Protein chains: 2
Amino acid sequence: MFPYSNDVDYQCWLNYQRLETPSLSDQYKEYLKNIVINIDGYIIDSIKNELYYSIKKFFNIEAIITNKPIKRTFTIISKLDGGSFFSNTIKEEEYTSLSEEGFLIKKVENSTKKFILITAKSDEGLLYGTYKLIQNIQMEKPLDQLNLLEKPYIPLRIINHWDNLDGSIERGYAGKSIFYRNNELVDNLDRIRDYARLLSSIGLNGIVLNNVNVKSEETKLIAERINIVEKLYDVFKRYGIKIYLSVNFASPMIIGGLKTADPLDKEVRKWWKERVDFIYNRIPDFGGFLVKADSEGQPGPFTYNRTHVDGANMLAEALAPHGGLLIWRAFVYNCYQDWRDNETDRAKAAYDTFMPLDGKFLDNVIIQIKNGPMDFQVREPVNPLFGGLQKTNQILEFQITQEYTGQQKHLCYLVPQWKEVLDFDTFLFGEGTSVAKIVSGSIFNSPNFGIAGISNIGDEINWTGHTLAQANLYGFGRLAWDPSLSGKKIIEEWIKCTFGNNETVLNNLSEMMLKSWNIYEKYTAPLGVGWMVNPGHHYGPNVDGYEYSRWGTYHKADHYGIGVDRTLKSGTGYTAQYRQQNFEKYEHLDSCPDELLLFFHHVSYIYKLSNNKTVLQHIYDTHFEGVEDVQWLIDKWQGLERYIDSKRYSSVYQRLLEQRESAKEWRDVINSYFYRKTMIYDEKRRKIY
Amino acid sequence: MFPYSNDVDYQCWLNYQRLETPSLSDQYKEYLKNIVINIDGYIIDSIKNELYYSIKKFFNIEAIITNKPIKRTFTIISKLDGGSFFSNTIKEEEYTSLSEEGFLIKKVENSTKKFILITAKSDEGLLYGTYKLIQNIQMEKPLDQLNLLEKPYIPLRIINHWDNLDGSIERGYAGKSIFYRNNELVDNLDRIRDYARLLSSIGLNGIVLNNVNVKSEETKLIAERINIVEKLYDVFKRYGIKIYLSVNFASPMIIGGLKTADPLDKEVRKWWKERVDFIYNRIPDFGGFLVKADSEGQPGPFTYNRTHVDGANMLAEALAPHGGLLIWRAFVYNCYQDWRDNETDRAKAAYDTFMPLDGKFLDNVIIQIKNGPMDFQVREPVNPLFGGLQKTNQILEFQITQEYTGQQKHLCYLVPQWKEVLDFDTFLFGEGTSVAKIVSGSIFNSPNFGIAGISNIGDEINWTGHTLAQANLYGFGRLAWDPSLSGKKIIEEWIKCTFGNNETVLNNLSEMMLKSWNIYEKYTAPLGVGWMVNPGHHYGPNVDGYEYSRWGTYHKADHYGIGVDRTLKSGTGYTAQYRQQNFEKYEHLDSCPDELLLFFHHVSYIYKLSNNKTVLQHIYDTHFEGVEDVQWLIDKWQGLERYIDSKRYSSVYQRLLEQRESAKEWRDVINSYFYRKTMIYDEKRRKIY
């Protein structure tokens with residue numbers, strides 16, 4: 001069955017509807033009636049299926065797919081070396097600038113033929129080109145000037161799943177796993193195929209199939225449970241998506257029966273080598289391993305007095321002969337900190353741990369680094385490992401699933417947040433060394449760089465619970481492909497492909513989406529301080545929730561002031577982990593951006609921000625505004641009721657109401673907390689409890 | 001197997017050891033070599049077993065049990081009407097003052113015979129007398145003047161279990177249920193029999209077998225799963241313990257297939273009647289039902305716009321023909337309160353709900369009322385329903401399991417707390433109407449009064465996790481039997497029976513136990529304000545943990561002051577629920593006891609307590625003292641190392657270390673919270689963070 005469900009919300013941005021402009025529809029239809037594909041392969045089959053299905057939906061016709069043109073007008077999908085009759089239409093510069101995964105789409109017309117050409121060096125390139133052509137139709141772009149040459153800016157574009165075999169998803173807010181149930185693979189793989197379609201349509205080329213916290217059943221995925229992985233491999237390979245597994249560092253003991261997992265132990269190294277050989281024997285294109293080691297209770301090399309280098313390189317050596325990658329998470333910190341201890345600073349942990357190891361990892365080792373130094377808060381500075389590491393492959397990790405950003409009950413379009421990270425200038429090799437540039441690998445001349453995102457999907461019919469959270473998955477893929485895209489451009493594409501080309505929808509919804517992160521930030525933890533959430537599940541306000549805890553996450557609010565002094569001069573010295581220009585910016589109160597003020601400095605409540613408001617008045621104001629802004633979101637959405645199908649409309653509407661209630665709770669708890677602590681009145685005398 | 005385990009910690013206070021005084025041992029042995037029992041019955045069998053077993057342990061002899069004396073010296077256990085040869089030794093006043101459950105023990109000597117007589121009107125009385133004689137031996141009491149006449153002061157003495165059929169225990173801190181596992185009864189009932197021995201040895205005569213939150217499997221206990229109840233009945237009846245079940249008010253719908261559970265619906269009433277008949281057909285001595293209705297999500301009559309009277313009386317009518325009781329919990333409050341709402345006061349809920357219903361319940365309905373108006377905090381005033389209700393049967397509910405009092409990791413001997421409740425003068429019918437007198441039923445001339453305690457046991461080998469928590473179960477039973485017993489008397493009995501008669505152990509341990517509640521109070525929530533715990537599991541400090549929540553549990557601390565104004569004059573008016581004398585005491589700052597100050601009043605941190613300390617300095621001082629006191633507990637316990645077996649010694653020692661760590665956490669979090677909020681220094685300049 002293609003697709004698995006016909007529910008409109010299920011289609012996400014692959015929502016192929018009849019075109020609204022008949023003349024344009026007729027033009028496209030003429031070209032798409034005859035599809036010429038002169039090669040074979042499983043990815044090619046996926047291309048055929050997608051074209052056949054979408055053409056049926058767009059034009060209500062059955063496309064004819066042949067290996068040679070049967071009409072004068074057609075669409076041809078062909079490798080660069082595949083067809084003599086079009087090779088002379090490709091310019092030299094087009095040819096040279098096409099990368100392995102890139103594609104070229106152009107419209108060609110000569111005396112005997114009129115055709116749309118999609119060409120590429122690889123099957124994957126053809127697939128991406130096909131989806132691009134389909135998207136052009138969805139967005140009703142004119143056909144005349146069709147001429148597109150694209151290639152991904154970042155080599156590794158990987159989605160990470162925190163799915164467990166029992167069907168649960170760590171930090172999942174849209175139901176259970178679409179892969180697993182009761183320690184088995186689900187029965188029906190059609191839905192997984194549709195997920196692969198969604199991923200490849202936005203250019204993602206890798207997936208980690210299981211949670212980084214690897215429990216006992218998941219540990220067996222590299223042994224007796226490999227059949228589960230094989231079956232998923234068989235789905236994802238058809239969409240050019242490499243599969244990766246999270247592995248348990250203690251596997252040699254847990255499933256290997258060895259007495260140690262010491263990475264320098266001969267038997268352990270042999271065991272991993274055999275294990276990797278076993279995997280590649282079943283899964284020739286296996287991507288590699290992701291490892292969370294010595295972090296939050298996960299096993300790792302520290303147990304044996306070995307380093308991360310010892311641990312990672314040992315696994316990388318086993319993978320190297322097969323071309324496999326070893327991805328090692330930098331999320332390592334002391335999660336048993338004493339809150340009384342003012343010296344230790346969790347923000348410093350990743351840099352302190354990994355900088356001394358720079359240059360010691362093998363070529364196929366990649367360090368996966370969260371965007372910020374803490375853990376996916378609504379606002380954090382960029383992780384200083386970006387700009388620190390000079391001789392280590394790096395993956396940037398984003399969290400698409402909205403753990404700290406409203407759990408898919410609140411609207412929070414994260415692309416603007418991610419853009420700030422990608423655009424951040426690290427000054428690694430002088431001005432202009434953005435994070436995006438680093439993770440593109442271009443300055444390191446290595447393909448083992450990339451971007452990863454923790455998936456926000458589950459088995460709810462619309463994948464993400466909140467329909468509008470689909471935009472985060474879409475945006476993640478698009479940014480991974482091209483970090484220079486603006487948040488606005490991305491959201492407009494997404495809206496058109498998801499809801500159609502109505503102008504009011506486009507205008508209202510893009511405004512809603514683009515403001516939503518800022519709105520969420522307003523009514524939650526202020527000025528970069530973070531962590532004012534309920535412990536454990538992380539939903540809803542709790543100012544002291546993590547204040548007297550072991551997690552290294554404090555705001556240090558007292559009667560006079562608030563914030564964490566992370567300066568070199570008088571604080572933890574975290575600021576010194578940045579290169580000079582950024583160090584100077586963050587170290588000094590007058591240059592530190594307001595939105596990160598409390599992350600870097602402990603200041604009085606009456607300290608004046610750049611807008612001349614005091615910190616406390618800013619807290620009061622933003623928290624009242626935040627709720628008003630949510631009401632604005634509701635009003636905007638209500639304006640779209642007539643343009644959007646009632647199911648999606650009312651589902652989003654219900655969530656907006658929940659967001660409003662929750663925002664009020666945030667407003668009142670945060671304001672009351674600070675009012676009770678400071679006894680300083682709100683200048684506007686609004687109601688605080 | 002009798003007992004199920006020989007582990008010394010498992011025996012609790014039925015720890016029968018060889019006597020330390022040989023001469024006394026010889027005296028007792030002479031009498032106990034020959035036991036004369038001239039009646040039969042299953043309770044009588046239990047008496048025989050206990051005597052045979054204990055005599056073996058005390059004297060290493062096999063007692064000879066006959067129905068007539070075979071020697072000149074013996075012990076005889078006989079109903080009052082059972083033997084002519086001793087009837088002339090019983091005085092008229094002894095005869096008349098023996099109640100149904102009471103017993104008489106005396107030593108008789110004449111020219112032809114020397115015997116210890118245990119006599120009673122009922123088998124239960126004989127059982128209680130037997131345990132009393134055994135305890136006298138354990139405590140090495142002299143034999144010469146043996147002459148005891150006892151009867152329980154309170155009619156219903158019931159242990160409540162919050163056990164679920166899956167084996168979990170709500171608020172259990174000593175392992176899983178000893179009754180259930182995987183929705184079935186456990187295989188081996190020997191351990192349950194030993195539990196019955198423990199309960200009847202302290203005079204308890206009822207047990208509620210399942211959690212008041214009745215889920216789907218437990219709902220079936222009154223239907224297809226009755227066989228589980230039957231088997232437990234067969235164990236407990238042998239020890240004079242009636243069994244009760246918690247039932248789901250919605251049972252007619254859940255298992256009866258009816259469309260309603262409306263208590264005034266004819267079909268519903270018929271269904272319950274048939275259900276009760278069905279139960280009594282299987283379990284002739286069934287005690288009755290316990291119901292948590294319209295509370296914390298449990299179903300109840302409110303759904304149908306009916307009252308608690310409608311609900312309770314309907315069930316009571318079904319039970320009445322069989323002599324069954326209907327126990328209805330008064331723990332009813334709005335658990336969706338808005339923390340911003342200063343009018344609503346959870347403390348007022350039980351009184352407000354049940355006072356208007358006084359006199360409207362049937363004779364076999366009993367309202368079960370928690371000791372305080374909130375929920376088992378370390379310090380609360382007495383629930384004003386005691387002293388309010390004049391025409392309603394009442395059960396006083398204590399929590400033996402240490403939910404808010406250290407979860408059996410901290411030492412907290414609760415008898416002193418319970419004593420304060422039982423001794424509290426309600427002034428119901430003038431001065432001298434203590435809570436104990438009320439729940440004895442004597443002033444109401446009804447047997448349907450009593451006391452209930454939530455069990456603290458689980459399947460850990462020593463029943464209660466913390467060995468010293470066994471004393472709480474023991475003390476609960478002893479107080480239920482005789483509320484006039486002092487905490488000191490009870491703990492001394494318990495120590496002797498549990499650890500033997502060593503003087504050092506007796507002195508050190510009784511001092512530790514008697515101070516422990518006060519120590520726990522010192523380092524936790526101050527001055528009666530309560531609730532400064534982590535939400536959900538309720539272990540460890542979290543000052544604002546319940547401050548911005550829906551549970552009606554607030555401390556209202558701001559920069560200037562703290563406490564809940566519950567006065568009539570300016571607060572919620574809760575004080576007016578007490579009779580005049582208590583109202584006056586609590587209403588006015590100068591007469592309100594310090595330990596309840598913040599429960600009744602919102603005061604400034606610089607308000608002076610009766611000891612002339614400010615509230616804040618009191619908080620600082622008690623929190624520093626509390627940790628020092630825990631160290632004192634540790635020192636005291638270390639002094640006992642040579643007198644106590646190493647297993648129990650080190651198990652308690654480990655828990656005391658955990659208590660010390662946790663007490664430090666409490667001290668530092670509470671003190672830091674208030675210091676940061678007030679910025680008032682500790683006078684002694686101790687370390688606050």
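The model is predicted: local features need pLDDT of at least 70, side-chain atom pairs count only at pLDDT 80 or more, and totals for chains, interfaces and linings use all residues. Residues are numbered from 1 along each chain as its sequence is written, chains are lettered from A and ligands numbered from 1 in the order in which they are written, and side-chain values use heavy atoms, without hydrogens and water.

**Exercise 1.** Locate domains 2 and 3 of chain A and find the salt bridge between them.

*Solution.* 
1. Domain 2 covers 156-499 and domain 3 covers 523-564 + 602-678, with bounds from an automatic or database domain assignment.
2. Their centres, taken over C-alpha atoms, are separated by 29 Å.
3. The count of salt bridges is one (a side-chain nitrogen of Lys or Arg within 4 Å of a carboxyl oxygen of Asp or Glu).
4. A:Glu460 and A:Arg655 form a salt bridge through their side chains, at 4.0 Å, N to O.

**Exercise 2.** Give the strand order of the six-stranded sheet in chain B and name its edges.

*Solution.* 
1. The order in this open, mixed sheet is β2-β1-β3-β5-β4-β6; strands are DSSP runs (E, at least two residues), numbered from the N terminus.
2. β2 (64-66) and β6 (147-150) of chain B are the edges, each pairing on one side only; pairing requires at least two DSSP bridges.

Technical notes
Helices (H or I, at least four residues) and strands (E, at least two) are DSSP runs, numbered from the N terminus.
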